[in-house]
Amino acid sequence: MAASSVWGTNLRISIFGESHGPAVGVVIDGLPAGEPIDRDALLAQMARRAPGRDKSSTPRKEADTPEFLSGMLNGRTTGAPLCIVIQNTNTRSGDYANLMQVPRPGHSDYPAYIHYHGCNDVRGGGHFSGRLTSCLCAAGAVCRQILERRGIHIGSHVAAVGPVRDAVLPGPEVPQELLHRLSEAYFPVIGEGVEEQMRAVIEEARMARDSVGGIVECAVTGLPAGLGGPLFGGVESLFSSILFGIPAVKGVEFGEGFGAASLRGSENNDPYTVAENGEIRTVSNHAGGILGGITTGMPLVFRIAVKPTASISQKQRSVDLQIRSETELEVHGRHDPCIVPRAAPVAESAAAVAALELLLLNGALRP
Ligand SMILES: Cc1cc2nc3c(=O)[nH]c(=O)nc-3n(C[C@H](O)[C@H](O)[C@H](O)COP(=O)(O)O)c2cc1C
């Protein structure tokens, strides 16, 4: 069985820890040496994902303070593996006592129980917890700074929560100021008044002891044309392999995605043009910046579908694994009625790690 908490070839991240263990963390191997890392900028990205800010997210409050154990000296990467540890400070394991015996529908409890022969840590979701995405955010925040210095910018918005949709991302060019604003927001949306409508849907789900899912749309601008490769080494494969590592992500699409299936070629093709500076651009971007698995130089645009949080406090049907009979389950603990806004910085972070890996794989990271 492959070790599945390690991702990457030239830039390799390894994520460890359990939700209710002493700490979670990440080792990032393959970073270029001598890159200044701004700690405040890193903390700001991690704070966007951290729980407990308002009623739309879990009341588990945790500061998510990263400690650098190696790979940094005087605020610069040394080139040695960078190890970041985040202590778990706010755990209430008693809430999870019954889940080893009675698995939550929609969560990893049952398949993980079989896979690990009942040895897995089920407290707080263990190694499957959304808590582990703090590590991805830490790694992404480091990579993002390295990319920004080379003119590559990343931002995302909550494109949908339940039936409420945000305004569409402008295109084919995505303004850098918009990406910057979105990448600093806790609830990133483009349209006016959309956040309030989305919050109302989340609150309604919370009051009904239920949860709601949604879509995050993310753009990466400034990637040069020509990166990636055909067939199995394509940019879509690289990005989706890390995006599907985000818990609760059930779909990934690039550019027009599934929508392309109902378009005509004349609608879906992106005509070429020569920009004022002589660069080859396209007048639309249905391709989402990728053709033949290779970047076109246009913004790379993808969407992830985030399912509704599995842990809901309504009574649900389940089974008692010890006596193998049907039973009812009431999930305790602190859970988000909607994880979509918190998934936005995680998607951006995954994109940052993937984009840096893409540059390194192609020998295209400028000094
Ligand atoms: C930021 C974030 C927070 C999450 N918080 C919760 C949570 O509070 N309760 C829960 O049941 N699932 C939560 N999840 C999702 C589960 O970890 C995930 O659904 C579970 O591991 C099963 O994996 P799968 O949904 O990818 O199949 C969260 C995911 C993310 C990205």
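In this predicted model, helix α8 (residues 340-361) lies across the strands β8 (153-161), β10 (214-221) and β16, and runs at about 150 degrees to β8.

These strands belong to an open sheet of five, ordered β9-β8-β10-β16-β11, with antiparallel pairing. The edges are taken by β9 (164-165) and β11 (249-254); each has a single partner strand, so one side of each is left without a neighbour in the sheet. The partner strand β16 (residues 300-306) is joined to β11 in the antiparallel sense over five bridges. Within this pairing, Glu253 has Arg303 in β16 as its bridge partner.

Helix packing is the next topic. Two packed helices are described by the angle between their axes and the distance between the axes. The table lists two such pairs.

| Helix pair | Axes come within | Crossing angle |
|---|---|---|
| α1 (residues 39-49) and α3 (residues 133-148) | 9 Å | roughly 145 degrees |
| α1 and α8 | 7 Å | roughly 140 degrees |

The crossing angle of α1 and α8, roughly 140 degrees, makes α1 oblique to α8. Here Gln45, Arg48 and Arg49 in α1 meet Arg342, Pro345, Val346 and Glu348 in α8. The residues of this contact comprise two nonpolar, one polar and four charged.

The crossing of α1 and α3 is right-handed. On the α1 side, the contact includes Ala41, Leu42 and Met46, while Cys137, Ala138, Ala141 and Val142 are among the residues from α3. Seven nonpolar, four polar and three charged residues make up the contact of α1 with α3.

Terms used. Residues numbered from 1 in each chain as written. Predicted model: local features only at pLDDT ≥ 70, side-chain atom pairs only at ≥ 80, totals over all residues. Heavy atoms only, no water. Axes fitted to C-alpha atoms, helices over the stretch in contact; angles between N-to-C directions. Helix = DSSP H or I, 4+ residues; strand = E, 2+ residues; numbered from the N terminus. Left-handed = near helix turned anticlockwise from the far one by under 90°. Contact = heavy atoms within 4.5 Å. Nonpolar A, V, L, I, M, F, W, Y, C, P; charged D, E, K, R; others polar. Pairing = 2+ DSSP bridges. Parallel < 35°, antiparallel > 145°, perpendicular 65-115°, else oblique.
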